[in-house]
Amino acid sequence: MAEVARLAGVSRSTVSYVLSGTRPISAETRDRVYAAMASLDYAPNALAQALAGRRTGLLGLLLTTDALGQGLDTAGYLTAAADEARALGSHLMLLPGPADDADSVRETARQGLVDGFVVMEVYNRDARVDYLREAGVPFVLVGRTDDNTATAFCDADFDAAAEEAFAHLGGLGHRDVAVLVREIPDGAHAPGVDVRSRAAVDGAVARHGVRAHVLAVPSTFAAGWDAFAGLADGPVTAVVVCNEPAGLGLISAAAAGGVTVPHDLSVLSLFSGTETGELTRPRLTSVGPDPGAMARRAVQFLVRRVAGESAADLQALSGPMFLDRGSTGRVVGRSGS
């Protein structure tokens, strides 16, 4: 550290503050310190810092094992969170595990391996979150549980997104809309995103006089393909996709059946990240949050929580972005089979 300080032209304590994040340091000074560290091939030992009672510079990112490989949104969150952690002088440790078992989280917290946790794929009742609250460990949710009193979180504004989506479809004359969602497991233990998205859809369709035909299917291509068969001869003129893998299957089945988007069937992606609409041809009009922005904010919030800022002051909803890619149109009747 002394050599880094000499090369960067700063005090040894400034190097320590850059590494620990205990005091604000200007970006210019921080960059000089990092450049000196790189030149000297110096990296602090995180475990030694933890044993010395200081911060490790590591942030744990908790996500359920079910979330891995679920689509572009998860990858977008992880990449943005890791980049933001590095920009703030920390590193991200990925910790996958079930939402109904806090054992792995408890062990990591007790060993002092990380300074705090970002929790993704939050369930409405989440054992990981319950433990972190009780233990007083700094954490930030990407999502929300049923009880968010004095809890730091970043989440999508589901109500605003659903309102914009169904106002758009209603304005185009659509009255019967299929809503493709993920299956929710029985009982109170369910992903918060599914619970909140369903409630937001219910409220929006009621306000806009739309009849929602909800299709709850597994998050697989095959399930979406099979779901299309129930729409072919029905009154549905539009599909709202809230289940990315199944949505790809449904759109492929529609194309195979001679259905043209948007002439025969309008399709809109709802609640997914903006990149999801680029996965298909035609590209999908989408209404949803910016996953990268939410992940970056969550990491920023966690750094502030580690520094002692109140959790109640760190709560934010991400407003939706509307991207019209031409996959929705006015009702003109359906052809095809």
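Me: Which residues of H8 are buried?

Reply: First, note that this is a predicted model. As a general idea, an α-helix has 3.6 residues a turn, so residues three or four places apart point the same way. In H8, the buried residues are Phe158, Ala161, Ala162, Ala165, Phe166, His168, Leu169 and Gly170.

Me: Which strands does helix H8 lie across?

Reply: Helix H8, residues 158–171, lies across strand S6 (176–182), strand S8 (238–241), S9, S10 and S12. The helix runs at about 170 degrees to S9. H8 has 14 residues, and from its first C-alpha to its last it reaches 20 Å, close to the 20 Å expected at 1.5 Å a residue. After H8 comes Gly173, with a positive phi near 95 degrees.

Me: What is the strand order in the open sheet of 6 strands?

Reply: The order is S7-S6-S8-S9-S10-S12, and the pairing is mixed. Strand S7 (211–217) and strand S12 (321–323) are the edge strands, each pairing on one side only. On average, neighbouring strands of this sheet are turned by 20 degrees against each other, direction ignored.

Me: How many bridges join S9 to S10?

Reply: Strand S9 (residues 266–270) and strand S10 (residues 285–288) run parallel and are joined by 3 bridges. Ser269 stands opposite Ser286 in S10.

Me: Which residues of S1 lie on one side of the strand, and which on the other?

Reply: In a regular strand the side chains alternate between the two faces of the sheet. For S1, Leu58, Gly60 and Leu62 are on one side, while Leu59, Leu61 and Leu63 are on the other. Both faces are covered, and these residues are all buried.

Me: Which strands does S1 pair with?

Reply: S1 pairs with S2 in the parallel sense over 6 bridges, and Leu63 has Pro96 in S2 as its bridge partner. S1 is also joined by 4 bridges to strand S3 (residues 116–119), again running parallel. There, Val118 in S3 is the bridge partner of Leu61.

Me: Is Ser90 buried or exposed?

Reply: Ser90 counts as buried because its relative accessibility is 9%, and the cut-off for buried is under 20%. Ser90 lies in the loop between helix H5 (72–87) and strand S2 (91–96). Leaving aside neighbours within four places in sequence, Ser90 is in contact with Gly57, Leu59 and Ala85.

Conventions:
Residues numbered from 1 in each chain as written. Predicted model: local features only at pLDDT ≥ 70, side-chain atom pairs only at ≥ 80, totals over all residues. Heavy atoms only, no water. Pairing = 2+ DSSP bridges. Helix = DSSP H or I, 4+ residues; strand = E, 2+ residues; numbered from the N terminus. Axes fitted to C-alpha atoms, helices over the stretch in contact; angles between N-to-C directions. Contact = heavy atoms within 4.5 Å. Buried < 20%, exposed > 50% of the residue type's maximum accessible area, 1.4 Å probe, protein only. Expected span 1.5 Å × (residues − 1).
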